[in-house]
Amino acid sequence: MLTIQRVWRLQEKLIKLVGTECTKCGHVCYPPKAACPHCGSREVRKIHLPREGRVLSYTILNIPVEGFESKVPLILALVELGKARILTQLTDVEASEVYIGMPVEATIRKSPQMIEGATHYIIKFKPVDKERLKD
Amino acid sequence: MNKVYIVGVGMTKVGKFYDRSIRELAAEAIFKALDEAGNERPEAIIVGNMLSSLAEQENLASLIADYAGLRGISGFKVEGACGSGGVAFLAAYSLIASGIFKKVLVIGVEKLSERPTPATSRGLAWAADADYELVHGISFAGLNALVMRYYMNKYGVSREEMAAWPVLMHDNALQNPYAQLKKKITIEDVLKSPVIADPVRLYDASPLSDGAAAVLLASEELARKLSDTPIHVAGVGNALDSTDLTSRYELDRLLASKLSAEKAFQMAGVTTEDIDVAEIHDAYGVTAAISLEELGFAPRGKGAKLVYEGRFRVGDKPVVNPSGGLKARGHPVGATGIYQIVEVAMQLRGDFPGIKAGGEVGLTQNLGGVGANATTVILKR
C-alpha cells in the first residue's frame, strides 16, 4: 500500500519531474537511475524534464486497481518529455478527445488514491492551453 | 558443466479453485512429476511463485516440501513476477549443471483467486514500477494497452488482425484437458468483448488463474535410470530489461526476450529455424506478436499479421502454443513458466494430451512484468 513516507520521499521526482542524464553518453532517464542503463556510467546528474510534451500512447482503464475505484474510467498516457517519458494521468480532457501526438502540459492535482484517509497531490498532464498557444 | 535432463513432469488443471490451497495444488503437481520417475526423492526443491502474499503465505519452499513429504531436503523460492517459473527453472538447472545436486524438483505454483479482482490487479501491478507507475493507478492490462496502441499505430495493424491470436489460442485449448478456457470464440466475439483498458478487451487478455506445474530434473548419469524418455535441457538463457515500461528504449520491442533467446540458442547450438514447437508468453495478444518477432519467427511489425494469415498452427514450423497459451490454457503467473516446460517436454516425448505438434527441438519463453525479465529454454528429444 502507498504510505505517507513514500509520497514524501518521491515528491521531488514526481512533482518537479527530476530525471537523470548521463554525463558520459548523454542518455536521459526517467524514472531516475543510479547509473546509466545505456553505458553503465555512474556519472549521472539530476535534470529537470520539460513540463510540456506529447502523448506517445494512451489507455482508458475501466477496471481499476485497488485504491483507484473512485476514478473510473481513468485516462493514463505515456508522455514524451524531451528525451524522456513519464507515465501519467491525463486530466481536463474527455477520453474521446485524446490522440497520439496530443500536446500536453504538467499540472499538480489531487491523486484519486487516498493514504490513510488523507489526500495527496501528484503530477498529472492536461491539454496545452489553446488560448495561451495563440499568444 | 554437467548435462541436465527432465525425467518427470506433472501439472494440475488450470482454473479458479476456491476449494484448494497453494500447498494442495503444489502437492498434486509434485506427486505426478515424482511418480513419473518412480517416486524418486529429490535432493532439493526450487519454488517459482509471485503472489503468495495475497494468501498471507511466504516461506513457500519449506511449506510445500513439508506438505509433500519432503521435509529435510534443500530448497528456496525464486521470484521474477510472471516470469518466476522461468527463473526458478534456471536456478534448478544451475544446481545440477554445477554438480551441487543430481536430482532437483522445480515447482511453479500460483493462486490468484484468493482476493477480489481489484486487489489481485494491484498485486499483479507490483510487477511494474511501484514508485513511478503504479502510483498513477496503472494496471497490468493498462501497461499492455499502452504497448498495443503504440504497436498497432506504428505498424498499421488492424483490430481484426490483433484478434486472430486469442481465436487461435481458444481453438488450441479446446483439446487440452488442463486448459482453463475451453470455449471456441470468433474474431467478432473478441471485438464485442468488454473493454478492460482501451484498446485491450477482455478476450485480448489472459485470465486470472490458479495452478501448479512441476518438473524433476536429473543429471546425465541418473537420467536414463529414472526415465525411458528423458528430455535434454539443451539451453537456458535469461535477461533483464527495465522494470518500468516508461524508460524502455523502444515501446514495440522486448529486449529481454531477444537477449534471453540469443543466450539459449547459443548454449544449445541451435537457431530460430531449428525450433519445431514453442510455448511463448502471450499474457496479451500484443505480447505474443512482439515475442514472435524477437524470437525470429516473424519480421518486425508482422507478428500479429502472420497469425491473422494462418501461421503457427499444426503442420507449420514452428507450431506455437499448442496448449492454448496463457490466453486460454490460463496464466497462473508464477507457475506459467513451468507449465510451458512441462507442455513442450510432453510434445517432444509425444504424450501431450492435446494438440500434438511433434518435433525434435522445442522452445519455451517466460516473461516477467512487461518483458522486464525473460527466460528462454531449449529442449531436445
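Against which elements of chain B do the buried residues of α9(B) pack? The structure is a predicted model, in which local features need pLDDT of at least 70, side-chain atom pairs count only at pLDDT 80 or more, and totals for chains, interfaces and linings use all residues. Residues are numbered from 1 along each chain as its sequence is written, while chains are lettered from A and ligands numbered from 1 in the order in which they are written.

Helices (H or I, at least four residues) and strands (E, at least two) are DSSP runs, numbered from the N terminus. Helix α9 of chain B covers residues 255–268, and its 14 residues should span 20 Å at 1.5 Å a residue; the end C-alpha atoms are 20 Å apart, which agrees. The expected span is taken as 1.5 Å times one less than the number of residues in the helix. A residue is buried if 20 or more other C-beta atoms lie within 10 Å of its own, exposed if 12 or fewer, and partly exposed in between, with C-beta atoms placed from the backbone. The buried residues in α9(B) are B:A256, B:S257, B:K258, B:S260, B:A261, B:A264, B:F265 and B:A268. These buried residues pack against β8 (231–240), α10 (285–294), β11 (361–368) and β12 (373–380) of chain B. After α9(B) comes B:G269, with a positive phi near 70°.

Chain B is divided into domain 1 (4–116 + 208–231) and domain 2 (121–207 + 232–380), with bounds that come from an automatic or database domain assignment. The C-alpha centres of the two domains of chain B lie 22 Å apart. Contact between them takes 40 residues from domain 1 of chain B and 38 residues from domain 2 of chain B, where two residues are in contact if their C-beta atoms, placed from the backbone, lie within 7 Å. On the side of domain 1 of chain B that touches domain 2 of chain B, at least two residues each are supplied by β1 (4–11), α3 (84–97), β4 (103–111) and β7 (210–219) of chain B. The largest share of this side, 7 residues, comes from α3(B). Its residues divide into 25 nonpolar, 12 polar and 3 charged. Ala, Val, Leu, Ile, Met, Phe, Trp, Tyr, Cys and Pro count as nonpolar, Asp, Glu, Lys and Arg as charged, and the others, Gly among them, as polar.

A nonpolar core is a set of buried Ala, Val, Leu, Ile, Met, Phe, Trp, Tyr and Cys residues joined through C-beta atoms within 7 Å. The largest such core has 174 residues, of which B:A26, B:V106, B:I107, B:A214, B:V215, B:L217 and B:I338 touch the most other members. Apart from neighbours within four places in sequence, B:V106 is in contact with B:I46, B:A88, B:F89, B:A92, B:A214, B:V215, B:L217 and B:I338.

Chain A has 2 helices and 8 strands, arranged from the N terminus on as α-β-β-β-β-β-β-β-β-α. Its C-alpha atoms fill a box of roughly 45 × 40 × 25 Å along the principal axes. Of the 135 residues of chain A, 35% count as buried. Two strands pair if DSSP finds at least two bridges between them. In chain A, an open sheet of 3 strands has the order β2-β1-β3, with antiparallel pairing. The edges are formed by β2 (28–29) and β3 (44–48) of chain A, each with a single partner strand, so one side of each is left without a neighbour in the sheet. Strand β1 (residues 18–22) of chain A pairs with β2(A) over 2 bridges, and A:T20 stands opposite A:C29. Elsewhere in chain A, β4(A) and β7 (residues 103–110) pair in the antiparallel sense over 3 bridges, with A:G53 opposite A:V104. In turn, β7(A) is joined to β8 (residues 121–127) of chain A by 7 antiparallel bridges, and A:I108 has A:I123 as its bridge partner.

Between the chains, 31 residues of chain B are in contact with 33 residues of chain A. The side of chain B that touches chain A takes at least two residues from each of α4 (117–125), α5 (140–155) and β5 (195–198) of chain B, and α5(B) provides the largest share, 7 residues. By class, this side has 15 nonpolar, 9 polar and 7 charged residues. Strand β4 (residues 52–61) of chain A runs antiparallel to β5(B), joined by 2 bridges; A:L61 is partnered there by B:A197.
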